[in-house]
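Student: I would like to go through this model with you. Could we begin with the terms and then look at the helices and charged pairs?

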Amino acid sequence: MAQCIAVNDREIKFYVPNSGNETKLRDNFSNAFRFLLESTAALRGTVSVHACAVVKDGKAYAFVGNSGAGKSTHGLQWVNHLGAEMISGDRSLIQCKDGEAIIHGVPWDGKEQLFRQVSYPLHGVVEIRKSSQNTMCRLSAAKARRSLPGQFVLPAWDANAFAYGFSTIMSLARIVPCFRLFCTPDEQGARRCYDGIMNRELLPVTDDPDIVAVDERFYEDSNDAIPRRIMRADQCGLLKQLELPVTVAKAWQLLKNPVSKRELTAEMAIGADKSFEQIEREATQAVCWLKEHALVE
């Protein structure tokens, strides 16, 4: 694995181990090159995003979300059923310039190895969440600014590059429509997404604050006001020691990705043989329990 061992404003040095295996050595150099490109791109108004990207009718759409959320699966549904073409299955570069966002394919990818070196105007960013039903909302610009940073690769070792990259993400949230989609991993999920984007004026716009697990929290550093991620090293150990009530355990599982109180209640209600009001009370109690144990904020 290539590692950055020194950096300043004029050079970046890498340690690329030689395992004696030609394939691994090639992969290590490829990772080093990718690392260098993603680092320097931030200074030029371009950021690397962990997303599956497709193009349909000359317009590109990026599907973001945590690993395992189903981004590539969703993108392939667009390809197989909606006539879209794949740009990248895992990573792309997004550039904001003159009030427009452009997404660029890059010559590397994740395990799917789905990529093309093409560029298209970006017309939507969709945050993918797994669910047994298909619901979609549009994120307000303010909520998009809070939700998007965790999906991008930013050079945390270089304050200037980090600030430039973060500024690009804030511009993206302002000029490109952003959505949150709870979906099934099939054609119906893809069609719900496409219909929602095409008729976004009919979608509810949400600015509800998300309930955020503490290891996904961002805070403003008092010195440079740059959002940084807080990690809770004791979190897993704490959860093992606690006996979580059933409803709390379900809520915690859903809160692996930040969701609003309304979204949490709706997801907990799926398949439940209870009234929505009762589910809402249980969701409130679960969140209070998790807050008492400093697991969410």
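This is a predicted model: local features need pLDDT of at least 70, side-chain atom pairs count only at pLDDT 80 or more; totals for chains, interfaces and linings use all residues.

Student: Understood. Which residues of H5 are buried?

Tutor: In H5, the buried residues are Gly189, Ala190, Cys193, Tyr194, Gly196 and Ile197. They share one side of H5, because the arc they cover around the axis is only 160°.

Student: Why would residues three or four places apart point the same way?

Tutor: An α-helix has 3.6 residues a turn, so residues at that spacing point the same way.

Student: What do the buried residues of H5 pack against?

Tutor: They pack against helix H2 (71-82) and several strands: S3 (46-56), S4 (59-64), S8 (119-130), S9 (135-139) and S11 (178-183).

Student: How far apart are the end C-alpha atoms of helix H5?

Tutor: They are 16 Å apart. This agrees with expectation, because 12 residues (187-198) at 1.5 Å a residue should span 16 Å.

Student: And which residue caps the N-terminal end of H5?

Tutor: Asp186 does: one of its side-chain oxygens lies 3.3 Å from the backbone nitrogen of Gln188.

Student: Changing topic: is Lys71 buried or exposed?

Tutor: Lys71, found in helix H2, is buried and yet has no salt bridge. The nearest side chain of opposite charge belongs to Asp90, 5.5 Å away. A salt bridge requires a nitrogen-to-oxygen distance within 4 Å.

Student: What does the side chain of Lys71 reach, then?

Tutor: It reaches the backbone oxygen of Asn66 at 3.1 Å. Not counting residues up to four places away in sequence, Lys71 touches His50, Ala51, Cys52, Phe63, Val64, Gly65 and Asn66.

Student: How many salt bridges does a search of the whole structure find?

Tutor: The search finds 11. One of them joins the side chains of Glu127 and Arg180, at 3.0 Å from N to O. Glu127 is in strand S8 and Arg180 in strand S11, so this pair ties together parts 53 residues apart in sequence. Both Glu127 and Arg180 are buried.

Student: Where does Lys143 come in?

Tutor: The side chain of Lys143 meets that of Asp210 in a salt bridge, again with an N to O distance of 3.0 Å. Lys143 belongs to helix H3 (residues 141-147) and Asp210 to strand S13 (residues 210-211), so to speak distant parts of the chain, 67 residues apart. Lys143 and Asp210 are both buried.

Student: Which residues are linked in a network of salt bridges?

Tutor: The network links Glu127, Arg129, Lys143, Arg180, Asp210 and Glu263.

Student: And the pair of Arg262 and Asp208?

Tutor: Their side chains meet in a salt bridge of 3.2 Å, N to O. Arg262 lies in helix H8 (residues 261-269) and Asp208 in the loop between strand S12 (205-206) and S13, so the pair ties together parts 54 residues apart in sequence. Arg262 is exposed, with a relative accessible area of 60%, whereas Asp208 is partly exposed at 22%.

Conventions: Residues are numbered from 1 along each chain as its sequence is written. Side-chain values use heavy atoms; hydrogens and water are left out. Helices (H or I, at least four residues) and strands (E, at least two) are DSSP runs, numbered from the N terminus. The expected span of a helix is 1.5 Å times one less than its number of residues. Buried means under 20% relative accessible area, exposed over 50%, partly exposed in between (1.4 Å probe, protein chains only). The arc is that of the directions from the helix axis to the C-beta atoms. Contact means heavy atoms within 4.5 Å. A polar contact is a pair of N or O atoms within 3.5 Å; within protein, one must be able to donate a hydrogen and the other to accept it, and residues adjacent in sequence count only if both atoms are side-chain atoms. Lys and Arg count as positive and Asp and Glu as negative; His and the chain ends are not counted.
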